[in-house]
Amino acid sequence: LVVANFLLLNSDGPISGFAKNGDAIDTAHRMHQTCSQVFRYAVATGRADRNPGQDVTGALPPVKSKHRSAITDEKEVGELMRNIEAYNGTLVTRCALKLSAYTFCRPGEICHMEWAEIDVDKAEWRIPAHKMKMRAIHIIPLSRQAIATLEEIRPLTGHGKYVFPSERAPSRCMSEVTILAALRRMGYTKDQMTAHGFRSMASTRLNESHLWHRDAIERQLAHAERDEIRAAYNYAEHLPERRKMMTWWADYLDGLRDGAKVLPFKKPA
């Protein structure tokens with residue numbers, strides 16, 4: 001409510017001064033939501049007479065969805081994979097880029113990956129519920145390429161908690177900005193590719209292949225489930241197909257990287 005009121009009281013006209021600042025507006029909405037929940041509880045338990053958050057409802061400008069630039073053209077995807085392979089930065093960052101491509105997880109999920117979450121025998125990475133947006137376990141089937149990437153970095157970071165630790169403070173994980181900075185270092189502008197762009201890249205190419213059930217793709221992307229209770233129990237939904245899909249995806253990326261002739265999509269047996 002403090003942030004929301006600040007926006008209301010310090011704007012030029014109808015909040016136009018802050019309408020250009022998407023981060024400030026998003027913060028205001030989050031603060032409004034959190035404070036309203038506190039006051040609703042206070043009213044329900046007799047600790048408050050009313051919820052002042054209602055006074056702000058409808059006064060804040062809506063949060064505008066952000067377009068995340070991504071490479072989706074096959075030739076450009078192949079070039080991106082070659083650039084990642086040739087990246088001359090640290091091994092930790094290069095492996096984080098490769099895992100971003102092979103698993104198309106969110107940057108925060110990649111950076112917070114822990115060795116304890118990896119099961120090489122099952123070829124799975126299980127992200128605990130408390131790390132996920134919908135507070136539900138998320139299973140990422142690991143392709144042989146993803147496992148090879150993990151084994152490549154294990155001698156360097158395998159003794160610690162995080163797969164991708166911070167260079168300055170090994171007890172902490174890598175910053176999400178590191179992946180974005182690496183893309184910029186490779187010459188990709190904000191209008192070409194972002195750290196979240198690996199997700200859009202995978203979503204576009206997988207859907208356009210017409211080989212995989214749309215629900216399997218959405219489940220692997222861990223997109224928000226409208227029913228939170230359903231989401232908590234559906235973390236293994238479409239898992240057999242997702243295993244095949246993740247293997248196909250990694251092989252597809254490697255084929256584009258190596259300059260293989262792009263043939264019509266064929267679903268693996």
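Biologist: How many aromatic pairs does the count come to here?

Modeller: Keep in mind that this is a predicted model. The rule is that rings pair if their centres lie within 6.5 Å, and the count comes to 4 aromatic pairs. One of them joins tryptophan 248 and tyrosine 252, with 5.0 Å centre to centre and 10 degrees between the planes.

Biologist: Is that pair stacked or tilted?

Modeller: Planes under 30 degrees apart count as stacked, so at 10 degrees the pair of tryptophan 248 and tyrosine 252 is stacked. Tyrosine 252 also pairs with tryptophan 249, but that pair is tilted: 5.7 Å centre to centre, with 35 degrees between the planes.

Biologist: Where do tryptophan 248 and tyrosine 252 sit along the helix?

Modeller: They are 4 residues apart in helix α12 (residues 239-257), so about one helical turn separates them. Tryptophan 249 is in helix α12 too, 3 residues from tyrosine 252, again about one turn.

Biologist: Are tryptophan 248 and tyrosine 252 buried or exposed?

Modeller: Both are buried, and tryptophan 249 is buried as well.

Biologist: Which residues do the ring pairs link into a cluster?

Modeller: Phe104, Trp212, Trp248, Trp249 and Tyr252.

Note on methods
Residues numbered from 1 in each chain as written. Predicted model: local features only at pLDDT ≥ 70, side-chain atom pairs only at ≥ 80, totals over all residues. Heavy atoms only, no water. Phe/Tyr/Trp six-rings, centres within 6.5 Å; stacked < 30°, edge-to-face > 60°. Helix = DSSP H or I, 4+ residues; strand = E, 2+ residues; numbered from the N terminus. Buried < 20%, exposed > 50% of the residue type's maximum accessible area, 1.4 Å probe, protein only.
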